[in-house]
Amino acid sequence: MNDDQIREIVFRGLRQIAPEADPALLRSDENIREALDIDSFGFLQFLIGLSEKTGVEIPEADYEQVFTLGGLVNYLAARIT
Amino acid sequence: MPWEPIRKNPDTWLLSPQLLDYGRTCAEFTWDGVRRELAGFPGGKGLNIAHQAVERHMGGPNQDRLAMRWLGKDGAVRDLTFADLSRESSRFANVLVKLGVGKGERVFVLAGRIPELYFAALGTLKNVSVFCPMFSAFGPEPIRQRLERGDGCILVTTLRQYQKKVAALLERLPQLKYVLLTDAPEDLNGTVLSLPRLMGAASSEFVIPATDPEDMALLHFTSGTTGLPKGAVHVHNAVLTHFSTGKYVLDFHPGDIFWCTADPGWVTGTSYGIIAPLLHGITSIIDEADFDAERWYRILAEQRVTIWYTAPTAIRMLMRANFEPRSRFDLSALRLIHSVGEPLNPEGVVWGERTLGLPIHDNWWQTETGGIMIANFAAMEIRPGSMGRPLPGIEAAIVRRSGEDTVEVVAPGEEGELALRPGWPSMFRGYLHDEERYRKCFVGGWYITGDLARCDGDGYFWFIGRADDIIKTAGHMVGPFEVESVLMEHPVVAEAGVIGKPEEIIGEIVKAFVVLKDGYAPTEELRLELIGFGRTKLGSAVAPKEISFLETLPRTRSGKIMRRLLKARELGLPEGDTSTLER
């Protein structure tokens with residue numbers, strides 16, 4: 001899976017939580033929660049959904065690495081088999 | 001399964017708790033005693049929260065102590081001594097004077113936990129104006145309602161919040177004189193001004209005018225079942241409760257480092273995130289960032305936090321994260337953990353003991369009470385699942401309505417409404433512009449809280465549920481009516497009914513049932529559109545997270561939505577009494 005495909009999975013997940021926003025406008029270094037007004041619980045739901053889609057478990061200890069779009073895509077890219 | 005009580009042995013502790021003998025402290029307690037302890041305003045000028053919190057420490061040993069350590073989300077750290085807070089809040093008070101804002105006028109803040117929020121809060125109190133915080137995750141609609149109903153004349157906010165949510169509202173808020181932007185170097189126009197510019201030009205000296213203890217100080221909005229949010233009015237005298245609860249419940253001692261994780265947009269974040277620790281001259285940790293398990297444990301360890309006041313939602317998210325924090329973080333400085341916002345389940349209390357080495361002390365209060373009313377105390381046995389026992393100076397009871405204007409206290413163990421004997425200093429003095437609603441809260445000499453509870457034979461109170469349809473999500477109250485009204489504004493929505501759907505981590509999630517107008521089909525696309533619509537109008541803190549479509553909503557014959565029935569159906573529970581249902 002290349003980065004664009006991963007990004008598309010991420011966007012689909014974000015549209016479930018914040019359908020009013022256009023995730024394609026996110027900058028790579030922007031904090032996703034802040035940019036899209038997603039609360040802690042919404043972000044948790046989003047990451048759980050993402051784990052189901054990609055098979056990549058994201059333990060809470062790693063959440064700081066996935067706060068930005070760039071960080072999240074890199075994190076997944078390194079782990080998707 | 002009954003949970004074993006958690007017993008304490010304070011005689012063996014290095015630091016003796018402020019409240020050691022519950023019965024004796026209650027028996028000897030008087031509010032006059034607290035007033036004397038606070039020393040008051042010199043020269044008989046009354047009582048002012050900001051004087052007690054900040055000015056009182058000037059010239060004394062606390063002057064150069066750390067009052068707040070602010071942790072920015074990007075890793076920045078800003079240390080503020082009591083003297084720094086005094087200067088910055090004086091500057092803000094002088095800004096208000098310059099802008100013609102006087103006593104009793106409402107100053108709103110819409111911002112995350114940035115230092116300016118704290119300067120504005122204390123500066124507003126110094127000027128005897130009224131501080132009214134709003135949660136930064138509110139959307140335009142809750143913001144407009146609060147500014148309008150609260151007669152906001154000043155709004156302090158950030159450029160981003162202003163552009164995204166406020167600019168389009170200005171036309172509809174004629175009483176709003178100025179918007180002060182915390183991060184704009186220059187004024188945008190004649191009414192949207194740069195706060196840094198104004199602060200830079202303002203003097204750091206300010207003499208607090210005489211303040212009557214009954215002068216309005218704080219305005220906190222809270223949701224009701226019907227109608228729009230209510231503004232609960234608090235006065236400067238509330239500082240007596242802030243002080244005594246800081247002492248007896250939170251157990252502040254000199255040198256403590258305290259972290260209240262609540263946002264000042266809610267009452268906990270003001271009473272305990274700003275005021276109470278300052279009164280005691282101790283250090284507060286302020287974290288700008290949102291919840292993150294790893295970050296939170298790191299803060300507890302690195303900042304050597306001794307007393308931590310947090311909430312069940314955060315505790316349950318930490319439980320879910322399933323760390324063994326003590327293997328990676330040094331939590332040895334931590335002495336006491338408290339929780340508030342909604343009842344903490346016994347599993348949470350015990351998890352604290354097992355995972356953090358300390359049980360979690362739940363306590364109970366609400367926006368209207370202004371401060372903690374019922375609590376588990378450091379030295380007292382915890383019965384997991386119980387909110388604890390009333391504070392010294394607070395009389396609580398479980399009552400049942402016995403007539404139009406009368407109630408009776410029920411026997412121990414029986415369910416009823418949790419009630420408090422009016423008259424404590426931080427009791428709300430009214431709902432702004434809504435005298436009737438205020439009056440209805442008092443029956444037969446009691447303030448009726450709206451919570452259902454019971455009291456066991458030893459005086460421990462146990463929460464049962466709400467007496468109304470108010471939703472408690474992530475510790476915040478959301479009124480179903482506010483959400484329904486906004487959904488109804490969408491062109492395809494004919495009707496909407498909103499409930500709190502039980503959820504393991506955040507207690508309840510806001511769930512909406514929507515009936516579409518004729519000609520519209522319930523599609524996934526439309527569901528997402530409505531979720532987005534709710535978020536745009538209400539913001540993530542209030543908007544429904546789930547939406548289902550229905551053909552009709554159950555209503556009573558008089559036309560009221562039967563939310564109780566919606567909830568029972570959602571949960572697959574018995575529908576109970578449906579005799580008033582319109583068929």
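The expected span of a helix is 1.5 Å times one less than its number of residues. With that in mind, let us turn to this structure, which is a predicted model.

I begin with chain A. Helix α3 of chain A, residues 40–54, has 15 residues, and the distance from its first C-alpha to its last is 21 Å, close to the expected 21 Å. Its buried residues are Ser40(A), Phe41(A), Gly42(A), Phe43(A), Phe46(A) and Leu50(A). What do these buried residues pack against? Within chain A, the partners are α1 (3–17) and α2 (32–36), and from chain B there is α12 (312–321). Just after α3(A), Gly55(A) adopts a positive phi of about 75°.

I now move to chain B. The domain assignment gives domain 1 as 80–233 and domain 2 as 471–571. Taken over C-alpha atoms, the centres of these two domains of chain B are 32 Å apart. In the contact between them, 15 residues of domain 1 of chain B meet 15 residues of domain 2 of chain B. On the domain 1 side, helix α6 of chain B, residues 140–149, gives the most, with 3 residues. That side divides into 7 nonpolar, 7 polar and 1 charged residues.

Finally, the sheet. Chain B holds an open sheet of 3 strands in the order β26-β27-β28, with mixed pairing. Its edge strands are β26 (493–503) and β28 (546–549) of chain B, and the twist averages 25° from one strand to the next. Strand β27 of chain B, residues 507–516, pairs with β28(B) in the parallel sense over 4 bridges. Lys511(B) has Glu546(B) in β28(B) as its bridge partner. Helix α16 of chain B, residues 480–488, packs on this sheet and touches β26 and β27 of chain B; the direction of α16 makes about 140° with that of β26(B).

Key. Residues are numbered from 1 along each chain as its sequence is written. Chains are lettered from A and ligands numbered from 1 in the order in which they are written. This is a predicted model: local features need pLDDT of at least 70, side-chain atom pairs count only at pLDDT 80 or more; totals for chains, interfaces and linings use all residues. Helices (H or I, at least four residues) and strands (E, at least two) are DSSP runs, numbered from the N terminus. A residue is buried if 20 or more other C-beta atoms lie within 10 Å of its own, exposed if 12 or fewer, and partly exposed in between; C-beta atoms are placed from the backbone. Two residues are in contact if their C-beta atoms, placed from the backbone, lie within 7 Å. Domain bounds come from an automatic or database domain assignment. Ala, Val, Leu, Ile, Met, Phe, Trp, Tyr, Cys and Pro count as nonpolar, Asp, Glu, Lys and Arg as charged, and the others, Gly among them, as polar. Two strands pair if DSSP finds at least two bridges between them. Axes are lines fitted to C-alpha atoms, for helices over the stretch in contact, and angles run from 0 to 180 degrees between N-to-C directions.
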